[in-house]
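Please work through each task before reading its solution.

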Amino acid sequence: MKIGNVEIGNGLALGPMAGVTDLPFRLLCKEQGCELMYTEMVSAKAILYKNKKTKDLLAIDEDEHPIGVQLFGSEPDIMAEIAAGVAYGACDFIDVNMGCPVPKIVNNHEGSYLMTQPKLVEKMLTKMVKASIKPITVKIRKGFRQGESQAVEIAKIAEASGVSAIAVHGRTREQYYSGKADWDIIKAVKEAVKIPVIGNGDIVTPQDAKSMKDYTGCDGLMIGRAARGNPWIFKQVNEYLKTGVLTAGPTSQEIKEMILKHAEMLMEYKGEFTAVREMRKHIGWYTAGLPHSAELRRQCNAIEDWKELQDLLEQRL
């Protein structure tokens, strides 16, 4: 699969998730066989007004490629200006978020709200494609409201505007992340456009990945929430797609080692105070389903420093 002139390899993508897919976690997933990365979504206006937080969100490691910066916004001129500037950075492409369902984003007429604004989308994407020296991609949802579907219409507009690839989450904005993802809409988008289509939604196991690829014909597969606490899923999916063999999940020892490695990388990136507190949620995801994991999660919410984190894991894993 290619995005413009960027070769993607196995087509396995880590879905961008705010507060989850920061640089350290992306690197862990890359090590496990993920081929396509996205930054956490970044506000185009925040970049324009030089918000200090955008520096960390835009940070890219040399080992992450290929990776795209995911922008959100709805003002064509601003989106085009920021895309032009970001394109001179380390990223390989620029992605437009048209799927975020969070009220503060939607109420600002950004994210998945754009699914209801085809003319605005056409104007914005056309300007971004013309302004950027690197490919533009988009991530969309099935539609906005339950019972509606704008994905095919928006996908055709994106292709006509010069967009190089499109990722489709098979849920509406009203669904958020509940209910079942509609793979039929991913299939319909794939049949409607010639640019690469990346399928997203309900890929939890290697079997799910193969089923989506076989059913929809999509070019790439995006894994989001199922990767939280489970970077190994990319290795398992890749092996299953290649050989049909289901590899074993990580042992308790491997989970402990991964948590410690993740924490060390976070500390180097964000400092001990922030890293230890952010690891609380990650430990909850890493240990879900393990014996006595509820008690471990309760205790990890009280850890304050690196030594306490190490001691807790040695006692519990």
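The model is predicted: local features require pLDDT of at least 70, side-chain atom pairs count only at pLDDT 80 or more, and totals for chains, interfaces and linings use all residues. Residues are numbered from 1 along each chain as its sequence is written, and side-chain values use heavy atoms, with hydrogens and water left out.

**Exercise 1.** Determine whether the radius of gyration of the chain agrees or disagrees with that of a compact globule.

*Solution.* Step one: the radius is taken over C-alpha atoms, and the globule rule is 2.2 Å times the number of residues to the power 0.38. Step two: for 317 residues, the rule gives a value near 20 Å. Step three: the chain has 19 Å, which agrees with a compact globule. Along the principal axes, the C-alpha atoms fill a box of roughly 60 × 45 × 35 Å.

**Exercise 2.** State what percentage of the residues is buried, and describe the accessible surface.

*Solution.* Step one: a residue is buried under 20% relative accessible area, exposed over 50% and partly exposed in between (1.4 Å probe, protein chains only). Step two: buried residues make up 54% of the 317 in the chain. Step three: by the Shrake-Rupley method with a 1.4 Å probe, the chain exposes about 13,900 Å², of which carbon and sulfur atoms supply 50%.

**Exercise 3.** Identify the aromatic pairs and assign the geometry of each.

*Solution.* Step one: rings of Phe, Tyr and Trp (its six-membered ring) pair if their centres lie within 6.5 Å; planes under 30 degrees apart are stacked, over 60 edge-to-face, and the rest tilted. Step two: a search of the whole structure finds two such pairs. Step three: the ring centres of tyrosine 38 and phenylalanine 93 lie 5.6 Å apart with planes at 90°, so this pair is edge-to-face. It links distant parts of the chain, since tyrosine 38 belongs to strand E4 (residues 37–38) and phenylalanine 93 to strand E7 (residues 93–98), 55 residues apart. Strands (E, at least two residues) and helices (H or I, at least four) are DSSP runs numbered from the N terminus. Tyrosine 38 is buried at 2% relative accessible area, and phenylalanine 93 is buried at 0%. Step four: tryptophan 232 and tyrosine 286 are also edge-to-face, at 6.1 Å centre to centre and 75° between the planes. Tryptophan 232 lies in the loop between strand E11 (220–223) and helix H10 (233–243), whereas tyrosine 286 lies in helix H12 (residues 272–287). Both tryptophan 232 and tyrosine 286 are buried.
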